[in-house]
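Student: I have this one open for the first time. Can you walk me through it?
Tutor: Go ahead and ask.

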Amino acid sequence: MKFNYKLHRLCGASYGCPGATQSSLGSSSSSSSIGGNLVYDSTGNVLLSPVSNRVQIVDLLSHAVRTLSVQARSNIRTLTLSPDDRLLVIFDVDDYCCVVNYRRGVVLHRMKFPRRVRDAKFSPVDGRYLAVTHGKNVRVWRSPGLVREAAPLSLHRTYGGMGDDVLHLDWSSDATALLGCGRDGTAKVWTVDTVKDYVPATLSGHKSA
């Protein structure tokens, strides 16, 4: 007999898995004691929260909670949602990536990143690019489509010049500039496309990351 059960809700701590990243980040990392990040959809009324290797979706208006049917290979470190709410990209603590059709709840691609991924963000406005931390560098990829492909990510450019691993990313509102924050307390601003005579600005003097 076959039962058509469907997961409705995952019971557990909302917002991350404290201590879940100890083995991957090491005890010296301050981020090893926290879970993944929180993400709002484009309306601001829906909150996405990682719980272990699953994603809970919280409707802030109706107070309804459901669990996305897809799951990562291990505990989730970071996730990002495209501005049009079409693509959800999930990175786990073992640096495996899962690209999901968010509206349908279907996995489109799975891949492994060779370096530690601590943050990832889609570019605002049109979500044309996906910025991903890559050790001391930041890589910007052209966003994947909604169909399955052999090579869904196409590299646009790699940005470097940081003295230590990049921990956080953020975009300018028009998606022309990208900010990377390093573990050594410095931040650097790059332009997404080449600008003549522009030298990436370095912001230093911060006491901690």
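Student: Is S52 buried, exposed or partly exposed?
Tutor: S52 is partly exposed, because its relative accessible area is 30%. Buried means under 20% relative accessible area, exposed over 50%, and partly exposed in between, with a 1.4 Å probe and protein chains only. Before going on: this is a predicted model, where local features need pLDDT of at least 70, side-chain atom pairs count only at pLDDT 80 or more, and totals for chains, interfaces and linings use all residues. Residues are numbered from 1 along each chain as its sequence is written, and side-chain values use heavy atoms, with hydrogens and water left out.

Student: Where does S52 lie?
Tutor: S52 lies in the loop between β2 (46–51) and β3 (54–59). Strands here are DSSP runs of E with at least two residues, numbered from the N terminus. S52 has a positive phi of about 60° although it is not a glycine. Most residues other than glycine have a negative phi.

Student: And V125, what is its phi?
Tutor: V125 is not a glycine, yet its phi is positive, about 75°. V125 is in the loop between β9 and β10, and V125 counts as exposed because its relative accessibility is 68%.

Student: How do β9 and β10 pair?
Tutor: Strand β9 (residues 120–122) and β10 pair in the antiparallel sense over 3 bridges. Two strands pair if DSSP finds at least two bridges between them. A120 stands opposite V132 in β10. The two strands form a hairpin with 6 residues between them, and V125 is in that turn.

Student: What does β10 pair with on the β11 side, and over how many bridges?
Tutor: β10 and strand β11 (residues 137–142) pair in the antiparallel sense over 6 bridges. L130 is opposite W141 in β11. This hairpin has 2 residues between the strands, and G135 takes a positive phi near 70°.

Student: Why is β10 described as largely enclosed?
Tutor: Strand β10 (residues 129–134) is largely enclosed by the rest of the structure because 6 of its 6 residues are buried. Both faces are covered, with Y129, A131 and T133 buried on one side and L130, V132 and H134 buried on the other.

Student: New topic. What does the side chain of R77 contact?
Tutor: The R77 side chain makes a polar contact with the side chain of D95 at 3.2 Å. A polar contact is a pair of N or O atoms within 3.5 Å; within protein, one must be able to donate a hydrogen and the other to accept it, and residues adjacent in sequence count only if both atoms are side-chain atoms. The side chain of R77 also reaches the backbone oxygen of V117 at 3.1 Å.

Student: Is R77 buried or exposed?
Tutor: R77 is buried, as its relative accessible area is 8%. R77 lies in strand β5 (residues 76–81).

Student: How many aromatic pairs are there?
Tutor: A search of the whole structure finds 3 aromatic pairs. Rings of Phe, Tyr and Trp (its six-membered ring) pair if their centres lie within 6.5 Å; planes under 30 degrees apart count as stacked, over 60 as edge-to-face and the rest as tilted. One of the pairs is F91 and F113, whose centres are 5.3 Å apart and whose planes are at 75°, so the pair is edge-to-face. That pair links distant parts of the chain, with F91 in strand β6 (residues 87–92) and F113 in the loop between β8 (106–112) and β9, 22 residues apart. Both F91 and F113 are buried.

Student: What about Y159 and W190?
Tutor: Y159 and W190 form a tilted pair, at 5.8 Å centre to centre with 45° between the planes. Y159 is in strand β12 (residues 154–159) and W190 in strand β15 (residues 187–191), 31 residues apart. Y159 is buried at a relative accessible area of 3%, and W190 counts as buried at 3% relative accessibility.

Student: Which residues do ring pairs link into a cluster?
Tutor: Ring pairs link F91, F113 and W141 into a cluster.

Conventions: Helix = DSSP H or I, 4+ residues; strand = E, 2+ residues; numbered from the N terminus.
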